[in-house]
Amino acid sequence: MPASYDAAAIAALADREVSWQDKALPPAFWGRTVAEVLADKPRLSQLPTPLLTLSAPGLRHNVDTLARWCSNHGVELAPHGKTTMAPALWAMQLEAGSWAITLANGFQLGVARAYGVSRVLIANAIVSPLQLRWISDELAADPTFEVLVWADSVRTVQIMEAARSAYVGPAARPLDVLVEVGGLDGRTGARDADTAVAVGQAIADASTLRLAGVAGYEGAIGHGVDEADLETVRSYLRELAGIHTQLKGLYDADVVPVVSAGGSQYFDDVARVLAPLGEDGARVVLRSGAYITHDDGMYRRLSPLGETPRTDGDRLVSAMHGWVRITSQPEPGLAIFDAGRRDLPFDQDLPEPQLIRPRADGEPVLKADGMTVTKLNDQHGFLRFDGDPVVIGDELRVGLSHPCTAFDKWGLIPVVDDPDAADPVVVDLIRTFF
């Protein structure tokens, strides 16, 4: 059953006034509510640059595509909400059937609780006694709330048990914990089966915790999509499945154990290796997050539903774009634009020039051929080109790479009806919480 959310709290986001704190919007809109701004159907030409926008049809396509793919391949989806930190987008994913929302820490859980998300998977260990006590209070206050956390060492389990047993009574709802399985040179996670089983035993023995399954992140193990890389990922996933099998005798009778892996790069192999566990009573859960916008860089290259598909199903489309304006042409073949690292992601790939918006009414949208972004400073970008295809004042659309480092730079993000149009209409404004 999909997790629920507070629809009234999501709807109330439209009643928030926009202000000088929202760099996506011009002064003419300040002091008006989101609903009032949208009622006038503003166009892209009314917004300043630099700018990040989302594509309404692209978001819809991607959410529906992965929901359908998961259903067809026998797995559940708990999309990683830290990608967007946008409750309105989480609601869209939950409406499409997502089993839960995945988050990374206590702060993000607080955002989820503020918007009524009823089931959260925290893909991390929680060892802060303050956060553990707060989670205990949330579990006690709301019997419909479910949260699952991770542990990769007996020491982690001991810390959780000590903090909770000193705070809650014996009748308190247990905290569900997944054993995190890692791999050599990976990130967190138990590095061998013996350690993982010991962690599972410690959870099962604790008075305030409940063993709820196993989890891991194959994206920390794999580094590419050639056959050797894919086999490394599959080997890790087989180890994860094997540890779940070893732990089966420790699960309470009323527990449907969760077996979870899967970012946005290898979800096809996760389903291929882990989905058969569902036939033996496990709930197999993917945690892909970046798929909601996909991109024009890292995930276009590496996603199983990217430019070179590795699985069946519709291809994902890029649903996020940057918009920049040329502010200087200090030397031949070089133009400087008004967006930098504070505005656009740069950790995986630099922005990709795609389109030049019309310079006057009635003129066509032009392709930004022969142009390359070579560098970003904090507030400036460097565009190299041959000939003289741009002039000061031109506005370009750029493709972006890595959604996780795009959303965090914008507190309010316009959603447009058609990013390919000469002057797209703004149909929504998405609030983020970072």
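Reader: What makes residues of H10 count as buried, and which are they?

Author: In H10, the buried residues are Phe267, Asp268, Asp269, Val270, Ala271, Val273 and Leu274. The term buried requires under 20% relative accessible area, with exposed meaning over 50% and partly exposed in between (1.4 Å probe, protein chains only). Helix H10 spans residues 267–274, and seven of its eight residues are buried, so it is described as mostly covered. H3, helix H9 (227–247), strand E8 (258–260) and strand E9 (283–286) are among the elements that cover these buried residues. The model is a predicted one: local features need pLDDT of at least 70, side-chain atom pairs count only at pLDDT 80 or more, and totals for chains, interfaces and linings use all residues. Residues are numbered from 1 along each chain as its sequence is written, and side-chain values use heavy atoms, with hydrogens and water left out.

Reader: Why is H4 called mostly covered?

Author: Seven of the nine residues of H4 are buried. They are Pro87, Leu89, Trp90, Ala91, Met92, Gln93 and Leu94. These residues pack against helix H1 (7–11), strand E1 (51–55), helix H3 (56–72), strand E3 (101–103), H5 and strand E18 (426–431), where contact means heavy atoms within 4.5 Å. Gly97, which follows H4, has a positive phi near 110°.

Reader: Is Thr83 buried or exposed, and how do you know?

Author: Thr83 has 2% relative accessibility and therefore counts as buried. Thr83 lies in the loop between strand E2 (76–77) and helix H4 (87–95). Apart from neighbours within four places in sequence, Thr83 is in contact with Gly289, Ala290, Pro403, Cys404, Phe407 and Phe434. A polar atom of the Thr83 side chain also lies 3.3 Å from the backbone oxygen of His80.

Reader: What makes the pair Arg68 and Asp314 a polar contact?

Author: Their side chains are joined at 3.1 Å. A polar contact is a pair of N or O atoms within 3.5 Å; within protein, one must be able to donate a hydrogen and the other to accept it, and residues adjacent in sequence count only if both atoms are side-chain atoms. Arg68 and Gly313 are 245 residues apart in sequence, with their C-alpha atoms 8.4 Å apart.

Reader: Why are H5 and H6 called roughly parallel?

Author: Helix H5 (residues 106–114) and helix H6 (residues 129–141) pack at about 20°, with axes 11 Å apart. Angles under 35 degrees count as roughly parallel, over 145 as roughly antiparallel, 65 to 115 as roughly perpendicular and the rest as oblique. H5 and H6 are therefore roughly parallel to each other. In their contact, Gly106, Phe107, Leu109, Gly110 and Arg113 of H5 meet Gln131, Trp134, Ile135 and Glu138 of H6. By class, this contact has four nonpolar, three polar and two charged residues.

Reader: What makes H6 oblique to H7?

Author: The axes of H6 and helix H7 (residues 154–165) come within 9 Å and cross at roughly 60°. That angle makes H6 oblique to H7. Pro129, Leu132, Ser136 and Leu139 in H6 meet Ile159, Met160, Ala163 and Arg164 in H7.

Key
Axes are lines fitted to C-alpha atoms, for helices over the stretch in contact, and angles run from 0 to 180 degrees between N-to-C directions. Helices (H or I, at least four residues) and strands (E, at least two) are DSSP runs, numbered from the N terminus. Ala, Val, Leu, Ile, Met, Phe, Trp, Tyr, Cys and Pro count as nonpolar, Asp, Glu, Lys and Arg as charged, and the others, Gly among them, as polar.
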